[in-house]
Amino acid sequence: MLRSNVMNTLRANSLKKSLLLLVSFGIFSTNCFADRIKDFADIAGQRSNQLVGYGLVVGLDGTGDQTTQTPFTLQSVLQMIGVLGVTIPQGGGQTQLRNTAAVMVTAEFPALARPGQQIDITVSSLGNATSLKGGTLVMTPLKAADGQVYAQGQGNIVIGGSRAATGGAATSVNHLNAGRIPSGGLIERAVPSLLADEFIQLDLHRADFSLMQRTAETIGKRFGLGTALPVDARTLNVRVPVEPLRRTAFMAALQDLEVPMVSGPARVILNSRTGSVVMNQAVQLSPSAVAHGNLTVKIQQTPTISQPLPFSRGQTAVATQDTATLSDSGKENSLISVPSGASLDQVVKALNMMGATPQDLISILQSLKSAGALRAELEVI
């Protein structure tokens with residue numbers, strides 16, 4: 001019995017030492033409510049950019065553009081083959097193309113991308129092609145907002161769908177006028193990097209002075225005072241080492257720093273199209289009373305058939321009988337009192353007990369905001 005107690009004590013001490021080692025090396029964090037800097041802040045100048053281009057897809061099985069209705073497709077084809085040394089005789093404007101389609105090519109230029117790297121591109125039909133399945137995108141320059149070419153796109157389009165038609169019947173699975181080309185974009189130009197300066201700029205995803213203060217304090221505790229210089233509620237300048245090797249290690253450690261979470265402003269999101277109501281934990285209500293009644297209008301049309309008498313020359317007539325019903329689905333004691341500081345989820349539960357639908361909740365919350373009882377920002381999307 002004594003030996004068993006001694007063994008349990010040794011195991012407990014060993015477990016405590018292991019936990020202390022994990023905490024000291026940062027493997028097990030004692031702060032469960034913290035975010036890494038890389039999760040809520042971006043480095044200025046290191047962001048993705050959008051690319052767009054106009055091109056042609058060839059090799060379609062008779063599902064391309066009808067050039068009589070999309071003359072720009074034929075014009076693009078004539079210009080392309082003209083560059084390749086093919087001359088079209090006079091009257092070439094009557095050429096009918098069934099295996100070619102004009103498309104728009106879009107891509108996302110990743111941050112710090114270098115020439116020679118490959119990216120995925122999306123190809124979307126621009127004309128009246130019925131399907132891009134089996135087509136090949138011809139070399140297409142992809143430009144950014146400054147008008148410069150940063151990548152070239154080319155390759156076979158991958159579309160996860162199919163279409164079958166016979167006679168006057170047709171059926172299709174998924175969308176056939178847009179697809180992707182994995183690694184179909186080849187980067188030709190790099191975007192200048194801003195990491196060569198003495199300071200780098202961190203931009204928070206949302207402007208918050210409390211979060212900015214905690215971020216600056218966390219960086220100062222880890223790398224020393226004066227390393228982080230807040231500019232405003234969103235921008236933070238950080239002093240980085242000059243040597244490239246030290247700079248890389250510094251950036252890796254900086255982005256992995258954990259900052260205690262800061263509760264955001266009270267906000268309620270209402271989706272008027274789907275009836276969704278989303279709120280955060282900071283939402284509260286002032287003392288108020290809520291009552292809501294529902295009126296239901298029901299209109300029916302019942303067809304009635306009038307038969308003529310036997311051996312008469314009358315004809316069967318079909319008429320409709322219209323009825324309209326107005327009902328009130330409101331319940332007794334529908335006026336509820338909301339105490340001060342009550343959370344919004346308690347109010348929503350009470351309204352659900354009254355039989356309020358999501359659309360009713362949207363109307364009630366908007367009325368509470370207008371009355372000044374809802375202490376939160378109301379956003380309708």
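The entries below go from pockets to the cavity, then to a helix, and end with backbone angles.

**Entry 1: the largest pocket**

I note at the start that this is a predicted model. I looked up the largest pocket and found that about 350 Å³ of space lies in it. I then listed its lining, which is made by Y54, G55, L56, S76, Q79, M80, V83, L84, V138, M139, T140 and P141. Tracing these residues back to their elements, I wrote down β3 (49-58), α3 (71-83) and β6 (136-143) as the ones that give two or more residues to this lining. Sorted by class, the lining of the largest pocket has eight nonpolar and four polar residues, and I found no charged residue in it.

**Entry 2: the second largest pocket**

For the second largest pocket I recorded a space of about 230 Å³. Its lining consists of R214, E217, T218, K221, R222, D256, L257, E258 and P260, and the elements that contribute two or more residues to it are α4 (209-223) and β14 (258-260). The largest share, five residues, comes from α4. When I divided this lining by class, I counted six charged residues, two nonpolar and one polar.

**Entry 3: the cavity**

I next asked how many cavities of 30 Å³ or more the structure holds, and the search gave one. The volume of the largest cavity is about 50 Å³. It is lined by 11 residues, and those that lie nearest its centre are G45, A111, L112, V191 and P192. The lining of the largest cavity divides into six nonpolar residues, four polar and one charged.

**Entry 4: helix α3**

I went back to α3, which gives two or more residues to the lining of the largest pocket, and checked its length. The 13 residues of α3, at 1.5 Å a residue, should span 18 Å, and I found its end C-alpha atoms 19 Å apart, which agrees.

Which residues of α3 are buried? I wrote down T73, L74, S76, V77 and I81. Viewed down the axis of α3, the buried residues fall within an arc of 160 degrees, so they line one face of the helix. As a reminder to myself, an α-helix has 3.6 residues a turn, so residues three or four places apart point the same way. I then looked for what covers the buried residues of α3, and the cover includes β3 and β4 (100-109).

**Entry 5: backbone angles**

Just after α3, I noted that G85 takes a positive phi of about 95 degrees.

L112 is a residue other than glycine with a positive phi, near 60 degrees. I located L112 in the loop between β4 and β5 (118-125), and its relative accessibility is 39%, so L112 counts as partly exposed, a class that runs between 20% and 50%. L112 is also among the residues that lie nearest the centre of the largest cavity.

S183 is likewise a residue other than glycine with a positive phi, here near 55 degrees, but S183 lies in a strand, β10 (residues 178-187). With 40% relative accessibility, S183 counts as partly exposed.

Note on methods:
Residues numbered from 1 in each chain as written. Predicted model: local features only at pLDDT ≥ 70, side-chain atom pairs only at ≥ 80, totals over all residues. Heavy atoms only, no water. 1 Å grid on protein atoms, 1.4 Å probe; cavity = no way out; pocket = protein on both sides within 12 Å on 5 of 7 lines; lining within 4 Å. Points joined across faces, edges and corners; volume = space filled by probe spheres on them. Helix = DSSP H or I, 4+ residues; strand = E, 2+ residues; numbered from the N terminus. Nonpolar A, V, L, I, M, F, W, Y, C, P; charged D, E, K, R; others polar. Expected span 1.5 Å × (residues − 1). Buried < 20%, exposed > 50% of the residue type's maximum accessible area, 1.4 Å probe, protein only. Arc of directions from axis to C-beta. Contact = heavy atoms within 4.5 Å.
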